[in-house]
Amino acid sequence: MTPFALSMLTSLVGGLISVGAAAAFTVALSPAMLSRLVSYAVGALLGAAFLEILPHALEASGNAERTGALVLGGVLLFFVLEKLVLWRHSHAMPAGHAHEHLHAHGHAHDSGGRSGLLVMIGDSFHNFVDGLLIATAFMESVPLGLITAAAIIAHEIPQELGDFVVLLHSGCSRGKALAFNLLSSLAMAAGALLAHFALPSLHGAVPVLLALACSSMIYVAVADLIPGLHRRTQLRATVEQIVLIAAGIVSIVAAHHLVEHAGFAG
């Protein structure tokens, strides 16, 4: 197979594997356990943002100040996007009904719906960059391409699990959550496709896309998910949340070290 065909195949298969593994893990879990896993999603999102994506964005740009400004700008961008979703939601309802709807269905569900949308936008940016990296590696050599694809898949699984939990928390059915994640994973193939035809012009966009992916994850975790966790103030619930947030972070770190140990880091 040609490097182009291999990069397209591994991008498609890699997205299916990471999304499928995350979906399979949640099948056996009860709704109550999935609700608790929102804490895990917070840890996975923050771990991926600060320990994986941000370092790569800094390395790709070579300019810490510019990258920091892009992340900050991204946070403000997602704030505006969330406002637009709120405005559209409120204007789509009769006067006064939006307020009743919010109290009838709960702020957590409303916030969750917005966070599901935002995390999918950020995940699409991230997957697009992953596709660029896979295609670039295959253009260097087939072994390097396979190693890079394996590393990306290993890193994606815990993050996709966090994304899947956020979508379920937002009110999506399992089928919709799976469909949205699969749709987002196609951005990886799109990145690989464009890399083969326009890599020089896309090279400068990589730090920007990574910074936006990073800022979306930070925004969703801090602005949408963590406030909901504060509604459970019992000591036992607080300890449980801390443990699950730590587990989310550790899963990102563990995936990174397993890849490095296996010689896949590239």
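**View 1. Ser 11 and its surroundings.** Ser 11 touches Gly 131, Ile 134, Met 188, Ala 189 and Ala 192, leaving out residues up to four places away in sequence. Contact here means heavy atoms within 4.5 Å. Ser 11 sits in helix H1. Ser 11 is buried, at a relative accessible area of 0%. Buried means under 20% relative accessible area, exposed over 50%, and partly exposed in between (1.4 Å probe, protein chains only). The model is predicted: local features need pLDDT of at least 70, side-chain atom pairs count only at pLDDT 80 or more, and totals for chains, interfaces and linings use all residues. Residues are numbered from 1 along each chain as its sequence is written, and side-chain values use heavy atoms, with hydrogens and water left out.

**View 2. The whole chain.** The chain has 10 helices and zero strands. Helices (H or I, at least four residues) and strands (E, at least two) are DSSP runs, numbered from the N terminus. Of the 266 residues, 44% are buried. Among contacts between residues at least 6 apart in sequence, 85% join residues at least 24 apart. The chain exposes about 12,800 Å², and carbon and sulfur atoms supply 72% of that area. Accessible areas come from the Shrake-Rupley method with a 1.4 Å probe; for residues, only the protein chains shown count as cover.

**View 3. Helix H1.** The 25 residues of H1 should span 36 Å at 1.5 Å a residue, and the end C-alpha atoms are 36 Å apart, which agrees. The expected span is 1.5 Å times one less than the number of residues. The buried residues of H1 include Leu 6, Met 8, Gly 14, Gly 15, Val 19 and Thr 26.

**View 4. The aromatic pair Phe 4 and Phe 197.** The chain holds one aromatic pair. Phe 4 lies in helix H1 and Phe 197 in helix H8, so the pair ties together parts 193 residues apart in sequence. Rings of Phe, Tyr and Trp (its six-membered ring) pair if their centres lie within 6.5 Å; planes under 30 degrees apart count as stacked, over 60 as edge-to-face and the rest as tilted. Phe 4 is partly exposed, at 32% relative accessible area. Phe 197 is exposed, at 66%.

**View 5. Helix H9.** H9 covers residues 206–229, 24 residues in total. Its first and last C-alpha atoms are 33 Å apart, close to the expected 34 Å. A kink of about 30° is centred on Ala 221. The bend at a residue is the angle between axes fitted to the seven residues ending there and the seven starting there. In H9, 18 of the 24 residues are buried, so the helix is largely enclosed by the rest of the structure.

**View 6. The nonpolar cores.** The largest nonpolar core has 53 residues, and Leu 45, Cys 214 and Leu 225 have the most contacts inside it. H9 gives the most to this core, with 13 residues. A nonpolar core is a set of buried Ala, Val, Leu, Ile, Met, Phe, Trp, Tyr and Cys residues joined through side-chain atoms within 4.5 Å. Neighbours within four places aside, Leu 45 contacts Val 119, Asp 163, Val 166, Met 217, Val 220, Ala 221 and Leu 225. A second, separate core of six residues includes Ile 134, Phe 138, Ala 149 and Met 188.
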